[in-house]
Each structure stands twice: as C-alpha cells, then as structure tokens.
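Subject: Structure handover

Dear colleague,

I am passing on the structure below, with notes on what was found in it. Please read the notes with the structure open.

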Amino acid sequence: MADPQEELEAALVDVDDVRMLDVDESVDPMALLAYYRRLLPFRSLYTWLNQDVAPTRNFVNREFAFTLQNDVYLRYQSFQTWDEWKKEVCRLNPSRFEIGPVYSLKPKDRKTLQRATFKPVARELVFDIDMTDYDEIRTCCSGKDICARCWQFIAVAVEVLDAVLREDFGLSHLLWVYSGRRGIHCWVSDADACALTDEARRALVGWTEIIKGGQNQVKKVDLGGGSRALHPSIRRALGANILQSSAGAPAPQTTAPLQRAFINTVLRDQDCFREETHYETLLALLPQDESVNRLRSRWAAPRSSVAKWDDVLDTARKSSDRARPSWIAALEDIVIQYTYPRIDSEVSRRQNHLLKSPFVVHPATGRVCVPLEVDQVHTFDPHTGAPTVAQLLRELTRYEAEHGSQEPDAERRAEWDRTSLKPFVEQLDRLSQRLLRDARDAKRAAARHSLDF
Ligand SMILES: [Zn+2]
C-alpha cells in the first residue's frame, strides 16, 4: 500500500517542477528522435524553402547546419530531396538545425569545386527580435525569464515591423516564428527579398533601426527637434496628437500601435517609471527647463507611471507656444524609444547568416519553434502557446490508444495532423501555397512577355 504522506507530497509537486520534468522529457535524445521521425514537417518546410513542387536550386543548393548532441557543429550540409534531408536528421539526431542561404553550387560539394565560384546567391530576408534588448525597460522579469506580460513588447514590435515590411517595402510572404524561449523570428520569402544583396540588406535594416545606443546612452531616439516632419511609416505606427492621449482615461483613445502599447504596457502594466532610476531617465528625456525640477519634487512621493505621464502631458500642454514643438518632439521620441521594434540587426545584414529552422525544438524549454499569425501574437503565451515534444508524443500515444496502433507505413507518413502541431503546420502550408501561386504567375507573365516580342 502506498504511503499517504508520499502520495500527498507527490500531489503537491509545484507547477515549475512539472514544467522542468516536461523539459527533460522533451529534450531527451530518444524523444527528439521520435519527434523527427514522426512529427517534424520536413515536407512542408521543403515546399516553403524550395518555392516549387519539384526540387530547385532553392533547396538542393541550400545550406543546412546541424548542432549534434555532443555540441559538434556541422556546416555546409545539403540534400537532393526532403526525404534525404529527413533521413540524415534522423541518423544524426541533432539537438537543433539551422537554415542558411542558397549557394551558387551544392554546399556539400564545395571542397571539390573551385572556391571562387562558391558563393551565396539568395536567401530569405530574416529578422530576430529578442527579449534581451528589452531588459532595461521591462519590470516583470529579468535575464532569461519571460512571461505573457513582457511578451507584449515583442507583440507590438511584430505588429509594427510587419506593417513596415508589407506597407513600406511591398513584401507579402512573411512567416513569423516563435524562437522557443523569449523571442521571435521573421522569414520573408518574396522573390525580391530573397535576391537582396548584403548591401541592400544593410540599408533596409538600417532604415528600421530607430533605437540606437547601448545601456549608457539615455536618449536612444532622435528624429529631429521642434518643427519636424516624421516619416509616414513612423507616423503611422506612432499616431498623432500625442498631447491628447491621457494615460489615465478609461480606455486608450488611440489605435496607433506605439501609443497604445505605451499606455497599456509601459505605463499601466509594467509601471516602467515607478522606480527613481527609471523616472530619472524619463526626466532626462524631457526638454530641460524649470518644469523638470517641479516634476522631480512632485514624484519624490510614490506615484504611478500613469499619473507621472499625465503630469508630463499637463506640463507639455502648459508650455509656451515657442517651447511646445520641442515638448511634442520629446514626448514622441519617448514613446518610440519604449515601444518601437528593437531588432538584432546582425541577423538580417548578411545572406549567409544561419538561422534556426522553424519547428526545431528549443533545448532549454523543449518547446517547438512554431509559426504564429500576426493577429495571434498579442494573445500568445510563451509558457503555454507552443507545444513541447513530450506533450506532442503524449498526444500521439493517446491517439493510438483511441484509434488503434500505427499503420504499416507509419515510417513515412507524417503524423503531426494527429497532434496540436496541426494548425501550425497548416499555417506554413497556406503560406507555401501562396508562394507557389506567385511563382507560377511570375513564370506565366515572363512567358507571355517573351511571346509578345
Ligand atoms: Zn515578464
């Protein structure tokens, strides 16, 4: 008979312990192998990378890199078919793998080729947004931790960058992928984006880098002083009439993403200006006249960030006509500094930067790096939104218990559709279908064009 005390203790295992157990089970090499064999959607990834049904240069000349269980790093792997790719992944059972550029020749043959002719020729445009870059502003977590609250900084960054890429650069084939712990990647597969040279990538990324300077730099946004005209893209994200948006009003009166995030996340939820070191940063970013000292003495007593921001708005509204444009510019720069996307630009600058593949497993969390739709990002919870490997394998076991054991060809058949991975794979497949259709239309247009001559 079981000891009641032991039973009680077993029942009292806290949520963190359960989570750690799930991580251990998820990154266990045998579990990982089962995930590669039965669940990871190699075929869907192939179609997305290849942008065609039959293998093209986009796939066969593509570099893959594997990190093995013993941390050995294998670069310049390449494959003829998705089947061959899957077989090699199952043979090596890497802890993760990355996707690199399309080269002029097959990467695996590079040693037998003349080095001069081996060079990257195409690559999705990629972006990386990571919580690390928000450590100085978030108040709920620090270090490697993340929660649904600080995830909101990532969510607004995705919303804004997505609009920049679609509306300012005319791109449409975007895949947002949760990085498995505390960040998100964006892969842009439009033909124009894949063809961008390193120089063009640097220029494009530079355009999105509005927040500049490290920890020791207080003012990180400077878009010009007093009477300035903001670029339409920044104005669209920021919204207008900053002096009218009271933070204390029951509901934010603006739909523009940055002001909305500033009120909801920075002021109301994170209370970013409660501590003295943080509100001193805010004071340092205001036009330096005597009103700053009045605010400082008022804030010596505890006061919420919402109330402090309303004090700032009030001060700006009462400023002289001559000083007001500088106040408006300063306030707009503050909102942008606390909410505009902070991009790890190193990732985006070069064609040959390797980036973790969608659907691999994060070694510290056991979570699958799943695609996310832009409108799902705000409600996504990084602790529960992406399935773990252990969870998916349990779902497969449950499916078999209900529907009988595996079919004879289970070796080849993907089984993700029997698990909670299904909607994520289907999302990738929908994007691939749009890509294929565009590629077909472009081919037809080119053929018509040549007939016309
Ligand atoms: Zn947090």
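Two residues are taken to be in contact if their C-beta atoms, placed from the backbone, lie within 7 Å. This is a predicted model, in which local features need pLDDT of at least 70 and side-chain atom pairs count only at pLDDT 80 or more, while totals for chains, interfaces and linings use all residues. Residues are numbered from 1 along each chain as its sequence is written.

Helix pairs

By that contact criterion, L258, Q259, A261, F262 and V266 in α11 meet V335, I336, Y338 and T339 in α15. Sorted by class, this contact of α11 with α15 holds seven nonpolar, two polar and no charged residues.

Helix α11 spans residues 257-269 and helix α15 residues 324-339; the two pack at an angle of about 70°, with their axes 9 Å apart. Axes are lines fitted to C-alpha atoms, for helices over the stretch in contact, and angles run from 0 to 180 degrees between N-to-C directions. α11 and α15 are therefore roughly perpendicular to each other; the classes are roughly parallel under 35 degrees, roughly antiparallel over 145, roughly perpendicular from 65 to 115, and oblique for the rest. The crossing of α11 and α15 is left-handed, where left-handed has the near helix turned anticlockwise from the far one by less than a right angle, and right-handed clockwise.

The second pair is helix α13 (residues 290-298) and helix α14 (residues 305-317), which pack at an angle of about 155° with axes 11 Å apart. That makes α13 roughly antiparallel to α14. The crossing of α13 past α14 is right-handed. S291, L295 and R298 in α13 meet D311, V312 and T315 in α14, and the residues of this contact divide into two nonpolar, two polar and two charged.

Strands

Strand β1 (residues 62-67) runs antiparallel to strand β3 (residues 96-103), joined by five bridges. β1 also pairs with strand β2 (residues 73-77), in the antiparallel sense over three bridges; strands pair if DSSP finds at least two bridges between them. T67 stands opposite R96 in β3 and opposite Y73 in β2. β1 and β2 form a hairpin with five residues between them, and D71 in the turn has a positive phi of about 70°.

An open sheet of four strands has the order β5-β7-β6-β9, with antiparallel pairing. β5 (125-130) and β9 (371-372) are at the edges with a single partner strand each, so one side of each is left without a neighbour in the sheet. Strands β6 (residues 174-178) and β7 (residues 183-188) are antiparallel and joined by five bridges, with L175 opposite W187 in β7. Helix α7 (residues 151-168) lies across β5, β6 and β7, running at about 15° to β7.

Domains

The chain is divided into domain 1 (22-207 + 344-446) and domain 2 (216-339), with bounds from an automatic or database domain assignment. Their centres, taken over C-alpha atoms, are separated by 38 Å. In the contact between them, 13 residues of domain 1 touch 13 residues of domain 2. The domain 1 side has seven nonpolar, two polar and four charged residues.

Regards

Notes. Nonpolar A, V, L, I, M, F, W, Y, C, P; charged D, E, K, R; others polar.
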